[in-house]
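Work through the following exercises with the sequence and the model side by side. Each task is followed by a solution that goes step by step.

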Amino acid sequence: MKKNISLILMGVGGVGRQLLQHIVSCRSLHAKQGIHLRVVGVSDSKSLVVASDAFTMELGDTFLMEVCRVKSDGASLSTISGYDESKVFTNSESTKKIIDVAAFLGKSTGLALVDCSASSETIPVLTQAVDLDCCIVMANKKPLTSTMEDYDKLISYPRRIRHESTVGAGLPVIASLNRILSSGDPVHRIIGSLSGTLGYVMSEVEDGKPLSQVVQSAKNLGYTEPDPRDDLSGMDVARKALILARLLGRRINLDDIKIESLYPEEMAPSVMSIEDFLGTGILSLDKDIQERVSKASLNGNVLRYVCVIDASRCQVGIQELPKDSPLGRLRGSDNVLEIYTRCYNDQPLVIQGAGAGNDTTAAGVLADIIDIQDLFP
Ligand SMILES: NC(=O)C1=CN([C@@H]2O[C@H](COP(=O)(O)OP(=O)(O)OC[C@H]3O[C@@H](n4cnc5c(N)ncnc54)[C@H](OP(=O)(O)O)[C@@H]3O)[C@@H](O)[C@H]2O)C=CC1
Ligand SMILES: N[C@@H](CC=O)C(=O)O
């Protein structure tokens with residue numbers, strides 16, 4: 001018998017659109033596995049489109065591809081018209097509508113809320129959905145790095161939440177840590193390079209390219225957050241560090257993490273628009289970073305943006321490291337994570353591979369959705 005996994009996708013940017021494409025292109029693979037992914041709703045920052053009757057209907061593949069087309073043209077979902085089988089809700093109505101659908105489907109057919117936004121605004125929907133027996137799948141790091149209260153709520157039913165893509169994109173970081181933790185093997189230290197953007201930036205600057213140019217390329221390649229300053233400030237890595245630290249049981253907040261920023265306060269989002277930062281502000285940073293890279297190179301070293309979590313520290317910042325070290329050898333958007341535990345003591349468990357990009361991130365989200373199939377009737 002075919003198993004239906006119903007879902008609502010929040011966020012149809014680079015990752016969300018790629019997820020829809022993966023879902024459609026995996027139809028025959030999933031059919032062979034006896035699974036069908038029923039997309040009953042899709043939302044962006046301004047609107048929500050849901051199947052007219054979420055219990056019996058779904059958004060068809062032609063419609064989902066039209067969503068991808070409209071969104072990659074930069075338009076709002078609300079501009080899609082002519083589909084009788086769906087209804088459009090504005091931003092102010094969409095939270096209530098998602099909760100209505102969650103209340104209806106959560107306890108009957110089951111429902112997964114899939115958060116591929118980069119927003120904190122999804123937190124109230126997600127926390128309410130937990131009480132409605134829904135599953136949650138996230139690429140968005142903000143809900144898990146909000147208050148401890150929100151965090152505790154979201155993870156209150158651990159089997160119903162998956163968030164592999166929040167750290168290391170599609171790499172099996174969270175799953176590996178969960179396996180280590182559930183076997184009672186204590187994690188002593190995690191050290192790694194967890195930003196695809198900063199990994200790419202550092203290795204390209206090492207090759208002599210200006211920071212301003214490589215940040216723009218990282219954005220074009222889909223590695224950066226919507227505002228690349230989220231990466232350059234270290235905040236995005238700090239969120240990943242916080243997710244890992246909380247997974248290890250540390251009850252800390254973002255404020256407790258020592259974070260090194262690559263740009264000064266005068267270029268913060270509250271002072272300068274993204275366009276001004278990328279167009280002019282960042283140019284003044286080119287020289288300084290090139291000098292730091294050249295100085296490290298004189299010592300046979302390279303610069304890497306490193307995350308360290310151990311019993312006394314949770315910090316993220318630039319370190320000068322030997323070129324021929326696991327972190328020093330990293331190139332491009334690859335992430336590497338070394339996990340030291342009792343079992344992995346002298347030789348850490350090492351996880352390495354592409355740590356950013358829409359394709360690998362969306363693949364991680366899709367694998368998470370498939371992983372919760374047993375929770376659907
Ligand atoms: N790209 C990568 O390599 C990786 C990304 N991630 C995470 O994946 C998430 C998505 O990234 P990406 O696709 O690049 O980001 P984008 O900026 O391309 O897309 C974000 C999407 O979220 C939508 N959105 C904003 N607010 C809301 C809201 N309140 N409700 C529903 N949707 C909303 C936006 O709407 P609108 O179109 O109207 O602006 C947009 O469609 C981020 O949280 C990122 O950190 C995680 C791992 C790797
Ligand atoms: N902006 C992030 C994307 C993944 O989380 C990064 O560069 O690593």
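Two strands count as paired if DSSP finds at least two bridges between them, and helices (H or I, at least four residues) and strands (E, at least two) are DSSP runs numbered from the N terminus. The model is predicted, so that local features need pLDDT of at least 70 and side-chain atom pairs count only at pLDDT 80 or more, while totals for chains, interfaces and linings use all residues. Residues are numbered from 1 along each chain as its sequence is written, chains are lettered from A and ligands numbered from 1 in the order in which they are written, and side-chain values use heavy atoms, with hydrogens and water left out.

**Exercise 1.** Determine in which order the 6 strands of the open sheet lie, and which strands stand at its edges.

Solution. Begin with the order, which reads 9-11-10-8-12-13, with mixed pairing. Strand 9 (258-259) and strand 13 (349-354) each have a single partner strand, so one side of each is left without a neighbour in the sheet. Next, take the pair formed by strand 10 (residues 301-310) and strand 11 (residues 314-322), which is antiparallel and extends over 9 bridges. Within this pair, Cys 307 is found opposite Val 316 of strand 11. Finally, helix 8 (residues 196-206) lies across strand 10, strand 11 and strand 12 (334-341), and runs at about 160 degrees to strand 10; the angle is taken between N-to-C directions on a scale from 0 to 180 degrees, with axes fitted to C-alpha atoms, for helices over the stretch in contact (heavy atoms within 4.5 Å).

**Exercise 2.** Find which side chains make polar contacts with ligand 2, a polar contact being a pair of N or O atoms within 3.5 Å.

Solution. Start with Thr 197, which has a polar side-chain atom 2.6 Å from an oxygen atom of ligand 2. Continue with the nitrogen atoms of the ligand: a side-chain N or O atom of Glu 225 is 2.8 Å from a nitrogen atom of ligand 2, and a polar side-chain atom of Asp 231 lies 2.7 Å from a nitrogen atom of ligand 2. On its own, ligand 2 has 250 Å² of accessible area, of which the protein covers 93%, as calculated by the Shrake-Rupley method with a 1.4 Å probe. Helix 8 and helix 11 (235-247) are the elements that give two or more residues to the shell around ligand 2.

**Exercise 3.** Identify which backbone atoms make polar contacts with ligand 1.

Solution. A polar backbone atom of Gly 11 is 3.4 Å from a nitrogen atom of ligand 1, and a backbone N or O atom of Gly 13 is 3.1 Å from an oxygen atom of ligand 1.

Notes:
A polar contact is a pair of N or O atoms within 3.5 Å; within protein, one must be able to donate a hydrogen and the other to accept it, and residues adjacent in sequence count only if both atoms are side-chain atoms.
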